[in-house]
Amino acid sequence: VGQWSDSFKADQDTLSLLSNEPYESYIRKLQRWVNSSDSPIINIDGNWRIISPYESFSFALKHLTRTDFSLYKEAIIRALDDIDPDAIAKSQSFTLELWENKQKYSNCIKEGLAQSAILISILGESHNIDSTNTGNIDNMISDILHKSKYEWWLSFKVIIPNIAEASPKSFISFIQDDLLKDKSIIKSIFMEKKNKDRLFGSNADYIEILLALESLAWQKKYLY
């Protein structure tokens, strides 16, 4: 998971799913590590985070089973189905507003799960782990993207660069396919919303997509 919040019941349920035990008992085990002198995990006001995800995952990889990866796949698919019902309204709003959070999962666990997808993709390949054991990250990301709608991209725009890094070929393939459609999601996102009365200028929902493409452009094999 990498990071999560005690404040969200869905986050707790995810930890219970992955650990196969009640959240409270699992946290009691983690608390022993938090209080150690060289702890791999920190807890600040109920916000948990692995200090070095790469190092921790590298160590844990050889102990993970096909069942563990299957549960992880179930967890990330659930979290990435947590659409913000106000996503479109927020994008179209031209005033400063305080919005009530209506999503079940915290942003930090979504980011943590997406970061884990990157680690599985990178370390699974370097450690010669069979993709059938890791749940095949490319196929999973491809399915998520091709089922996505406009509001999905607005809801998860913060982790779009992570999604792209986890499966570059799935991300690029989706972008290419989508741009050929009459009702392209990507084209809609890049349509600037202007309002002369907006204090801080127009909304820009496409910034994270540009960041994702820029990060992939550092590798020649992804340049077209």
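Predicted model: local features only at pLDDT ≥ 70, side-chain atom pairs only at ≥ 80, totals over all residues.

Colleague: Why is the pair of Trp152 and Trp153 called edge-to-face?

Modeller: A pair of aromatic rings is described by the distance of the centres and the angle of the planes. Trp152 and Trp153 have 5.6 Å centre to centre and 75 degrees between the planes; because pairing asks for centres within 6.5 Å and edge-to-face for planes over 60 degrees apart, the label edge-to-face applies to Trp152 and Trp153.

Colleague: How do you know that Trp152 and Trp153 count as buried?

Modeller: Buried means under 20% relative accessible area, and Trp152 is at 5%, while Trp153 is at 2%, so Trp152 and Trp153 both count as buried.

Colleague: What makes the pair of Trp153 and Phe174 stacked?

Modeller: The ring centres of Trp153 and Phe174 are 5.3 Å apart and the planes stand at 20 degrees; since the limits are 6.5 Å for pairing and under 30 degrees for stacking, this pair is stacked. Trp153 belongs to helix α9 (residues 150–155) and Phe174 to helix α11 (residues 168–179), so the pair ties together parts that are 21 residues apart in sequence. Trp153 and Phe174 are both buried.

Colleague: Which residues form one aromatic cluster with Trp153, and with which residues is Trp153 in contact when its neighbours within four places in sequence are left aside?

Modeller: The aromatic cluster consists of Trp152, Trp153, Phe156, Phe171 and Phe174. With those sequence neighbours left aside, Trp153 is in contact with residues including Leu145, Ser148, Phe171, Phe174, Ile185 and Ile209. Trp152, Trp153 and Phe171 are also among the residues that touch the most other members of the largest nonpolar core, which has 50 residues. Helix α6 (residues 107–126) supplies the largest share of this core, eight residues.

Colleague: What makes Asp177 partly exposed, and in which helix does Asp177 lie?

Modeller: Asp177 lies in helix α11. Its relative accessible area is 37%, and since buried requires under 20% and exposed over 50%, Asp177 falls in between and is partly exposed. The C-alpha atoms of Asp177 and His146 are separated by 9.3 Å, although these residues are 31 residues apart along the chain.

Colleague: How do you know that Ser116 counts as buried, and what is Ser116 in contact with beyond its neighbours within four places in sequence?

Modeller: Ser116 has its place in helix α6, and its relative accessibility of 9% is set against the limit of under 20%, so Ser116 counts as buried. Beyond those neighbours, Ser116 is in contact with Val1 and Tyr72.

Note on methods: Residues numbered from 1 in each chain as written. Heavy atoms only, no water. Phe/Tyr/Trp six-rings, centres within 6.5 Å; stacked < 30°, edge-to-face > 60°. Buried < 20%, exposed > 50% of the residue type's maximum accessible area, 1.4 Å probe, protein only. Helix = DSSP H or I, 4+ residues; strand = E, 2+ residues; numbered from the N terminus. Core = buried A, V, L, I, M, F, W, Y, C linked by side-chain atoms within 4.5 Å. Contact = heavy atoms within 4.5 Å.
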